[in-house]
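I opened my notebook to record what I looked up in this structure.

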Amino acid sequence: MAPSEPQASKLRIVHVFRAPLGGLFRHVVDLAAEQSARGHDIGMFFDSDGRCPRVEAALARVRGGLTLGVKMAPIHRNPGGYDLVAMARFAAFIRRAAPDVVHGHGSKGGLYARLSAITNPTAALRAYTPHGGSFNYRPGTKLNRAYMLAERALAPLTDVFLFESAYIAGRFDALVGARNGVRRVVANGIGPADFAPAAPNADAADLLYVGELRAAKGIDTLLEAIARVGRARGLIPRTVLVGSGPDQAALTELAQRLGIGSFVSFPGQLPVREAFKLGRVLVVPSRAESMPYIVLEAAGARVPMIATNVGGIPEIYGPYRDWLGPPNDPADLQARIEATLAMAAAERQAQAADLAAHVAERFSIQTMVNSVMAGYADALALRRRPFGGPAAVASQN
């Protein structure tokens, strides 16, 4: 049953994150828009290189306006000297905005939010939503070890952990192990418009991918599977890869090397509902995910889908998780593509409708925001307890 928002006084909330891109940005905008609609004052701080008309249009969705302001600074993915400048600007913004809650999203946003405790140790509640972030690096690698050391150092500065999937909460327990603060699993949610069925164009391609073009998304596995389908069936499925990212050139070269280049197109970034018109079956071949919006959005829109059993995806599929396949397995993906394309359209749509009904019950924006606000309330109550109260409060939506 969805939690309801506790009756609380008006809060001043600042969201801080790095890049206004992808599912993280959608989550922040959806959350901020609903918080503002409920009467709270909202501000944002993010990378100045990301501001563009697309971002401005998204920010305009915050109906009550960003009353605490929008401030920016150059923020890069990897740590560097520029972080000192950005954190100084963030500290100045926090002093002016005087928030009750500083909510960090992603690794870099979580860093800035929690380091605000050094300059302002008692005023603002510090919340952290990882969005995968540093937890998606393969355990045992140098980067993973470095990021987990940082997570362990920052954990004591965190008042409330808002994990977007049980998977990421489990990774945190295994790799960080800190038990302080309030903990909640707050799944991403989608709104009523996302449940309008999306129909493919008459000339739609066989397969569709929507997302970033980078290694973690497993697009190379998809291209290898497509080539295998072509060799096995003598007919290469037409495929559209919607998105942008650092690996586009390498993926284009791989498609050419596999002999499928003329069957694969890269139209760039598109609104997701426009992208859904371009293919009949969405493929999500990810190697790592947390709680991906593209899976929620495709499920809501009743787009037939082939996905991998990684991260929080099985949490979205719930009773249908046996439909998922392994990552990094071109042969398995080939078989799933062949089976799905051979399926009658009515059967594909019936499966998509079943998944849509399940997602509608569990993954709404209202449920997401109620859980976030309940997490804030639990943490604020913990702060007010004599002698600090218990070491941690564990709860889940």
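**Entry 1: helix α10**

I listed the buried residues of α10: Tyr293, Ile294, Val295, Leu296, Glu297, Ala298, Ala299 and Gly300. Buried means under 20% relative accessible area, exposed means over 50%, and partly exposed lies in between, with a 1.4 Å probe and protein chains only. Helices are DSSP runs of H or I with at least four residues, strands are runs of E with at least two, and both are numbered from the N terminus. For α10, 8 of the 8 residues are buried, so this helix is largely enclosed by the rest of the structure.

I noted the ground rules here. The model is predicted: local features need pLDDT of at least 70, side-chain atom pairs count only at pLDDT 80 or more, and totals for chains, interfaces and linings use all residues. Residues are numbered from 1 along each chain as its sequence is written, and side-chain values use heavy atoms, with hydrogens and water left out.

**Entry 2: positive phi**

I read on past the helix. Just after α10, arginine 302 takes a positive phi of about 60 degrees. Arginine 302 sits in the loop between α10 (293-300) and β12 (305-307). Its relative accessible area is 37%, so I wrote it down as partly exposed.

Alanine 98 also went on the page. It is not a glycine, yet its phi is positive, at about 45 degrees. I found alanine 98 in the loop between α3 (82-97) and β4 (101-105). At a relative accessible area of 43%, alanine 98 is partly exposed.

**Entry 3: the whole chain**

How many helices and strands does the protein chain have? I read 14 helices and 13 strands. The radius of gyration is 21 Å, close to the 21 Å that the globule rule gives for 397 residues, so the chain is as compact as a globular protein of that length. This radius is taken over C-alpha atoms, and the rule is 2.2 Å times the number of residues to the power 0.38. Along the principal axes, the C-alpha atoms fill a box of roughly 70 × 45 × 40 Å.

Buried residues make up 52% of the 397 residues. I then looked at contacts, meaning heavy atoms within 4.5 Å. Among contacts between residues at least 6 apart in sequence, 75% join residues at least 24 apart. The chain exposes about 16,700 Å², and carbon and sulfur atoms supply 55% of that area. Accessible areas come from the Shrake-Rupley method with a 1.4 Å probe; for residues, only the protein chains shown count as cover.

**Entry 4: nonpolar cores**

A nonpolar core is a set of buried Ala, Val, Leu, Ile, Met, Phe, Trp, Tyr and Cys residues joined through side-chain atoms within 4.5 Å. Which residues have the most contacts inside the largest core? They are Leu282, Met305 and Tyr376, in a core of 64 residues. Helix α14 (residues 365-384) gives this core its largest share, 8 residues. Another core lies apart from it, with 22 residues, among them Tyr209, Leu223, Leu241 and Leu333.

I checked what tyrosine 376 touches, leaving out residues up to four places away in sequence. Its contacts include Leu11, His15, Val101 and Leu162.

Leucine 382 is found in helix α14 as well. It is buried, with a relative accessible area of 10%. Leucine 382 and glycine 181 are 201 residues apart in sequence, but their C-alpha atoms are 8.4 Å apart.

**Entry 5: aromatic rings**

I searched the whole structure and got 11 aromatic pairs. Rings of Phe, Tyr and Trp (its six-membered ring) pair if their centres lie within 6.5 Å; planes under 30 degrees apart count as stacked, over 60 as edge-to-face and the rest as tilted. Phenylalanine 17 and phenylalanine 46 have ring centres 5.2 Å apart and planes at 15 degrees, so this pair is stacked. The pair links distant parts of the chain, 29 residues apart: phenylalanine 17 is in the loop between β1 (12-16) and α1 (22-37), and phenylalanine 46 is in strand β2 (residues 41-47). Phenylalanine 17 counts as buried at 1% relative accessibility, and phenylalanine 46 is buried at 0%.

Phenylalanine 163 and phenylalanine 172 make a tilted pair, 5.2 Å centre to centre with 50 degrees between the planes. Both of these residues, phenylalanine 163 and phenylalanine 172, are buried. I also logged one aromatic cluster, formed by Phe45, Phe90, Phe93 and Tyr112.
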